[in-house]
Amino acid sequence: MTGAHADLLAGLAEEEAAPVLALGSRIALSAGQVLFNLGDAADSLFIVESGRIALTLPLRLRDGQQDVLIEERSPGQALGWSALVPPHRFTLKAAASIDTEVLALPRAALFEHFAAHPAVGYAVTRNVSAVVGQRLQVLQTMWLREMQRVVEIRGVRARSVT
Amino acid sequence: MEMFLMAAVMSLLGVAVCAVLFAAATRDDRGVTTQPARQAAQDRQRFFAAAPAAPPRAEATTKEGTEPELVPVEALLLRIEQHIRLEQAAAEAFLHRPTDESLHSRTTSRLVN
């Protein structure tokens, strides 16, 4: 993995990206192994080096609870930005879809590096903002569409009652 | 005369027994046909808020139209995940070109249709 291939480090020169990647440690996950659970303390940001990570949310179905796939992360993509945003708790569950390797970048080491290299910190923060902002817009739109359905359904119900 | 009266009483008794049996049989039939329909409505309300008032789906009933379809949890999960993918794609299309029409475009998702 090089800086040029990681979306988190987009816009950084190779000599700026390499020290950021050097802060991380590799974690190997076998298929199905959990990287983090919803509610866990988010102390590290991750970049997928190989394989795939499934991001899931729990949904109650009938008498049990099931993990519903929300998104998948592939090589070069970052996940776990809750590590950079208070209250630093993961809001999804992440597990390896197949044998996977991720690079774990501890928040404390990242912030220390950013303090010493503000231009790098600015670029990374801008990249994270793009990911967070895009997801917020998508989820807001999805929520609006679901709300519209609920409103339409309530309207049908009200007409049928009167 | 006594024989005639006895035959008449026996006939009336037979008719009464038949009437009681017929009434009991008719009452049982009504219970069987209405209970699954009520149960089906309750089941749909329990699974998804969007489902109860949705238009009736062919897959929700059997050929007789009285019993709810029991979708395996795995199939339901696949349907939910497909719904999420379709809605994400619709949301991304809206963000690419935001209009009222694209925001409220119809979905082909089987979860809500």
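## A walk through a predicted two-chain model

Of the 113 residues in chain B, 4% count as buried. Chain B comes to 3 helices and 0 strands, and from the N terminus on its elements simply run α-α-α. Among the contacts in chain B with a separation of 6 or more, 42% are between residues 24 or more positions apart.

How far can you trust what you see here? The mean pLDDT of chain B is 66, with 52% of its residues reaching 70 or more. Confidence within the chain is lowest in helix H1 (residues 2-47) of chain B, at a mean of 58, and highest in H2(B), at 89. Over residues 28-64 of chain B, pLDDT stays under 50, and the model has 28 contacts beyond four places in sequence for that stretch. Where pLDDT is low, the predicted coordinates should not be read in detail. For the complex as a whole, the predictor gives an ipTM of 0.71 and a pTM of 0.66.

Now for the place where the chains meet. Here 20 residues of chain B are in contact with 19 residues of chain A. Which element of chain B gives the most to this side? That would be helix H2 (residues 73-96) of chain B, with 13 residues. Sorted by class, the side of chain B that touches chain A has 15 nonpolar, 2 polar and 3 charged residues. Recall that H2(B) is also where confidence in chain B is highest.

On to chain A. Its secondary structure comes to 3 helices and 8 strands, and along the sequence you'll read α-β-β-β-β-β-β-β-β-α-α. Chain A has 162 residues, and buried residues make up 23% of them. Of its contacts with a separation of 6 or more, 75% are accounted for by residues 24 or more positions apart.

Four of them form an open sheet in the order E1-E8-E3-E6 (chain A), with antiparallel pairing. Strand E1 (25-29) and strand E6 (78-79) of chain A stand at the edges with a single partner strand each, so one side of each has no neighbour in the sheet.

E3(A) and E8(A) run antiparallel and are joined by 6 bridges; A:Val48, for example, stands opposite A:Val102 in E8(A). Antiparallel E6(A) is joined to E3(A) by 2 bridges, and there A:Ile47 has A:Ala78 as its bridge partner. E3(A) is mostly covered, too, with 5 of its 7 residues buried. Helix H2 (residues 107-116) of chain A lies across E3 and strand E8 (100-106) of chain A, and runs at about 55° to E8(A).

What about the nonpolar interior? In soluble globular proteins, nonpolar side chains tend to be buried together. The largest nonpolar core here has 30 residues, and those with the most contacts inside it are A:Leu35, A:Phe46, A:Ile47 and A:Ile53. Several elements of chain A supply at least two residues each, including helix H1 (14-22), strand E2 (34-36), strand E4 (53-61) and helix H3 (118-161). The largest share, 4 residues, comes from E3(A). A:Ile47, then, is both the bridge partner of A:Ala78 and one of the residues with the most contacts inside the core.

Finally, have a look at a loop. A:Phe90 is found between E6 and strand E7 (93-96) of chain A. Is A:Phe90 buried or exposed? A:Phe90 counts as buried, because 21 C-beta neighbours lie inside 10 Å and the cut-off is 20 or more. Setting aside neighbours within four places in sequence, A:Phe90 is in contact with A:Phe36, A:Asn37, A:Leu38, A:Gly39, A:Asp40, A:Ala42, A:Gly80 and A:Ser82. A:Asp43 is 47 residues from A:Phe90 in sequence, yet the two are 9.3 Å apart in space, C-alpha to C-alpha.

Key. Residues are numbered from 1 along each chain as its sequence is written. Chains are lettered from A and ligands numbered from 1 in the order in which they are written. This is a predicted model: local features need pLDDT of at least 70, side-chain atom pairs count only at pLDDT 80 or more; totals for chains, interfaces and linings use all residues. Two residues are in contact if their C-beta atoms, placed from the backbone, lie within 7 Å. Ala, Val, Leu, Ile, Met, Phe, Trp, Tyr, Cys and Pro count as nonpolar, Asp, Glu, Lys and Arg as charged, and the others, Gly among them, as polar. A residue is buried if 20 or more other C-beta atoms lie within 10 Å of its own, exposed if 12 or fewer, and partly exposed in between; C-beta atoms are placed from the backbone. Two strands pair if DSSP finds at least two bridges between them. Axes are lines fitted to C-alpha atoms, for helices over the stretch in contact, and angles run from 0 to 180 degrees between N-to-C directions. pLDDT is the predictor's confidence in each residue, from 0 to 100. A nonpolar core is a set of buried Ala, Val, Leu, Ile, Met, Phe, Trp, Tyr and Cys residues joined through C-beta atoms within 7 Å.
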